[in-house]
Amino acid sequence: MTLSIGGIELQSRFFLGTAGYPSPEVLRQAITASGAQVVTVGLKRQLAGGAGASDFYRMIRDSGAHLLPNTAGCRSAHEAVTLARMARELFGTHWIKLEVVGDEYTLQPDPWELVDAARTLAAEGFEVFPYCTDDLVTCQRLLDVGCNILMPWGAPIGSGQGLVNPYALRTLRARLPGVPLVVDAGIGSPADAVQAMELGYDAILLNSAVAQALDPVKMAAAFKLAIEAGRLGHEAGVIPKQDMATATTPVTGRPFIL
């Protein structure tokens, strides 16, 4: 079950976002319940938090999780690169979740600005975790410019729609067999996480499905189990679907061997 990503060995395949929780204490409990070893933080949001930001980062550090700063809210490659450089100075990490939004309604990533920013950051030694769509060509271009990890969406951020295009996600997995793939955004329920993991994805990143649940701590625990179950199902080999029935017990001959 170990996942090697960004030069670090992880036991958990659950990456958890930190926005929108009812309280810092609920967030702390959710991180513990999730077993997540990677948590994401929106740098713009935290910089706007003022004095409370230091307490927040102390809580993240005390959890033992690896911090993955993100460039949420950026609209251009230049803005995202600037924010990533700030994150590296502030947190001492070369990890960056790269987000460059191109549409205000869907929050869909801008592929051109995203690739441009990824090229610059990879050349500067960042381990870039690009939030992208499930478009195969865009994903290939991100790999070409130095990304080692891809984070395609399951659906628009916060929509809870699950995997709206399983075909595209299956295609990515089949065409990029050696690349760590993390489904990021759109996951609504533990069942969605199971589906993604059974497709062969390496990890799940989500935020809203836990933070906005009636009981975020219990939901974090549910996703932990779902991600583990989906991964085990993938490794065990899910039987193919078929149109006709196949008998599971003998219908002719002797039913037992004596």
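At 0% relative accessibility, valine 38 counts as buried in this predicted model. Valine 38 lies in strand β4, which spans residues 38-42. Its contacts, apart from neighbours within four places in sequence, are Leu10, Phe14, Phe15, Leu16, Ala65, His66, Leu68 and Trp95. A distance places valine 38 relative to isoleucine 60. The two residues are 22 positions apart in sequence, and their C-alpha atoms are 9.8 Å apart in space.

Leaving out residues up to four places away in sequence, glycine 73 touches Lys44 and Glu79. Leucine 181 is 108 residues away from glycine 73 along the chain, and 23 Å separate the two C-alpha atoms.

The cysteines were examined next. The disulfide count comes to 0. Distance explains this for cysteine 74, because its sulfur is 15 Å from the closest cysteine sulfur, that of cysteine 147, too far for a bond. Cysteine 74 is also buried, with a relative accessible area of 0%. For cysteine 139, the closest cysteine sulfur belongs to cysteine 132. The separation there is 3.9 Å, whereas a disulfide needs the sulfur atoms within 2.5 Å, so this pair is too far apart for a bond. Cysteine 139 is buried as well, at 1% relative accessible area.

Backbone angles were then considered. Leucine 107 has a phi near 55°, a positive value in a residue other than glycine. It is found in the loop between β6 (95-98) and α5. Leucine 107 counts as partly exposed, because its relative accessibility is 27%. Alanine 185 has a phi near 95°, again a positive value in a residue other than glycine. Alanine 185 belongs to the loop between β9 (182-184) and α8. At 9% relative accessibility, alanine 185 counts as buried.

Two packed helices are described by the angle between their axes and the distance between the axes.

Helix α1 (residues 24-34) packs with α10 at an angle of about 20°, and the axes are 8 Å apart. An angle under 35 degrees counts as roughly parallel, so α1 and α10 are roughly parallel to each other. Their crossing is right-handed. On the α1 side, the contact is made by Val26, Gln29, Ala30, Ala33 and Ser34. On the α10 side, the residues are Pro216, Val217, Ala220, Ala221 and Lys224. By class, this contact has 7 nonpolar, 2 polar and 1 charged residues.

Helix α10 (residues 216-236) also packs with helix α8 (residues 190-198). The angle is about 25° and the axes are 7 Å apart. That makes α8 roughly parallel to α10. This crossing is right-handed too. From α8, the contact draws on Pro190, Ala193, Val194, Met197 and Glu198. From α10, it draws on Met219, Ala222, Phe223, Ala226, Ile227, Gly230, Arg231 and His234. The contact of α8 with α10 divides into 9 nonpolar, 2 polar and 2 charged residues.

Pro111, Leu114, Val115 and Ala118 of α5 meet Thr138, Arg141 and Leu142 of α6. The residues of this contact comprise 5 nonpolar, 1 polar and 1 charged.

How values were computed:
Residues numbered from 1 in each chain as written. Predicted model: local features only at pLDDT ≥ 70, side-chain atom pairs only at ≥ 80, totals over all residues. Heavy atoms only, no water. Contact = heavy atoms within 4.5 Å. Helix = DSSP H or I, 4+ residues; strand = E, 2+ residues; numbered from the N terminus. Nonpolar A, V, L, I, M, F, W, Y, C, P; charged D, E, K, R; others polar. Axes fitted to C-alpha atoms, helices over the stretch in contact; angles between N-to-C directions. Parallel < 35°, antiparallel > 145°, perpendicular 65-115°, else oblique. Left-handed = near helix turned anticlockwise from the far one by under 90°. Buried < 20%, exposed > 50% of the residue type's maximum accessible area, 1.4 Å probe, protein only.
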